[in-house]
Amino acid sequence: MRPYKCGAVLSQKQIKKSFAPLVQLLGLKPGTTFADIGASGGAYSVMISTLTKGVTYYIQDVDTICLNRQELDKVLAYYSQQSGVTLPKQNTYYLTIGGFRQTNLPNQTFDVIYTNATFHAFRYKKEMISDIYQKLKPGGYLFIRDGLATSDTPQNCPDKNCNAPFVQEKELIDIVQSCHFRWVEKNKNFSGYPIFKFQKN
C-alpha cells in the first residue's frame, strides 16, 4: 500500500542521488525561505527537505485532492521515519492552495522559488510569473525546470492528465524577462530537463 496518495515514493539513497545536486543549485541553506510551485502533494519538496536544516518550505499547488493537510502530514511522517529525523523539527512547512492566475503566497517573502515541470501547464503564464515576482524578496531567485518544444511542430506534455503544450526556450525566457526578471543562467541537463535561473531585479 502506498504511504501517500500523490507523487513518487523514493528511498533515502535515491533522494540523496537525485536531490543533493538540486539542493546545492537552489542554495537551500539554514535561514532560506523557499516555495515549490506546482508541487502536487509535496512529496518531492519533503524529499528535498530531508537534506536540509533550518529551511522554511511553502508547498503550493491548485490540486486540493493531492495537496491538503492530511496528505502532507502522511508525506512528512513517511520521510521522517525513513530519514530518521523528525522533519517538522528540522525545517518549517506551510501549505498554500493557489489559483490559475496567482500563487496565493505571501508577498516579498521568498529567497528562492522553484517550479518543476509546471511552467508549461500554467494557463496564464505572464500573470503567474508576474505574481511570482511579487512574492520574491529583492534579489531573490526563480528556478524553472521544464520540458521544452524543440521545433515549430507542437509538442505536448506526455502526461495524459496534463497534455499542455511545451514552449520553446526563447519563449520561456522572453515571458519571464517581460515580467522584469533578469536571466542568470541555464543548467542544460538536470535529470533530463534544463533548469533556468532568473533573478528579481
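**Entry 1: the sheet**

I began with what counts as a strand: helices (H or I, at least four residues) and strands (E, at least two) are DSSP runs, numbered from the N terminus, and two strands pair if DSSP finds at least two bridges between them. I noted that this is a predicted model, in which local features need pLDDT of at least 70 and side-chain atom pairs count only at pLDDT 80 or more, while totals for chains, interfaces and linings use all residues. I also noted that residues are numbered from 1 along each chain as its sequence is written, and that side-chain values use heavy atoms, with hydrogens and water left out.

I then looked up the strand order, and found an open sheet of 7 strands that reads β3-β2-β1-β4-β5-β7-β6, with mixed pairing. The edge strands are β3 and β6 (181-190), each of which pairs on one side only. Neighbouring strands of this sheet are turned by 20 degrees against each other on average, direction ignored. As background I wrote down that strands of a sheet pair through backbone hydrogen bonds, either parallel or antiparallel.

For one pairing I went into detail: strands β5 (residues 136-145) and β7 (residues 193-200) run antiparallel and are joined by 5 bridges. Within this pairing, I found that tyrosine 141 has glutamine 199 of β7 as its bridge partner. On the sheet packs helix α1, which touches β1 (33-37), β4, β5, β6 and β7, and the direction of α1 makes about 160 degrees with that of β6. Here contact means heavy atoms within 4.5 Å, and axes are lines fitted to C-alpha atoms, for helices over the stretch in contact, with angles that run from 0 to 180 degrees between N-to-C directions.

**Entry 2: lysine 5**

Next I looked up lysine 5, which sits in the segment before α1 (12-26). Apart from neighbours within four places in sequence, lysine 5 is in contact with Ile65 and Glu71. I also recorded that lysine 5 and tyrosine 193 lie 188 residues apart in sequence and 25 Å apart in space, C-alpha to C-alpha.

**Entry 3: salt bridges**

How many salt bridges does the structure hold? I found 7, taking a salt bridge as a side-chain nitrogen of Lys or Arg within 4 Å of a carboxyl oxygen of Asp or Glu.

One of them joins glutamate 71, a contact of lysine 5, to lysine 74, with the closest N and O atoms 3.0 Å apart. The two are separated by about one helical turn, because they stand 3 residues apart in helix α3 (residues 69-83). Glutamate 71 is buried at 6% relative accessibility, whereas lysine 74 is partly exposed at 35%.

Another joins lysine 135 to aspartate 131, with the closest N and O atoms 3.7 Å apart. These residues are 4 apart in helix α5 (residues 125-135), and so about one helical turn separates them. Lysine 135 is buried, with a relative accessible area of 7%, and aspartate 131 is buried with 13%.

I looked as well at lysine 186 and glutamate 169, which form a salt bridge with the closest N and O atoms 2.6 Å apart. This pair links distant parts of the chain, with lysine 186 in strand β6 and glutamate 169 in helix α6 (residues 169-178), 17 residues apart. Lysine 186 is partly exposed at 31% relative accessible area, and glutamate 169 is partly exposed at 27%.

**Entry 4: two loops**

Where is phenylalanine 100? I found phenylalanine 100 in the loop between β3 (92-97) and β4 (110-116), partly exposed at 42% relative accessibility. Asparagine 104 lies in the loop between β3 and β4, and its phi is near 65 degrees, a positive value in a residue other than glycine. For context, most residues other than glycine have a negative phi. Asparagine 104 is partly exposed, at 42% relative accessibility.

Histidine 180, which is not a glycine, has a positive phi of about 80 degrees. I placed histidine 180 in the loop between α6 and β6, where it counts as exposed at 54% relative accessibility.

Definitions and conventions:
Buried means under 20% relative accessible area, exposed over 50%, partly exposed in between (1.4 Å probe, protein chains only).
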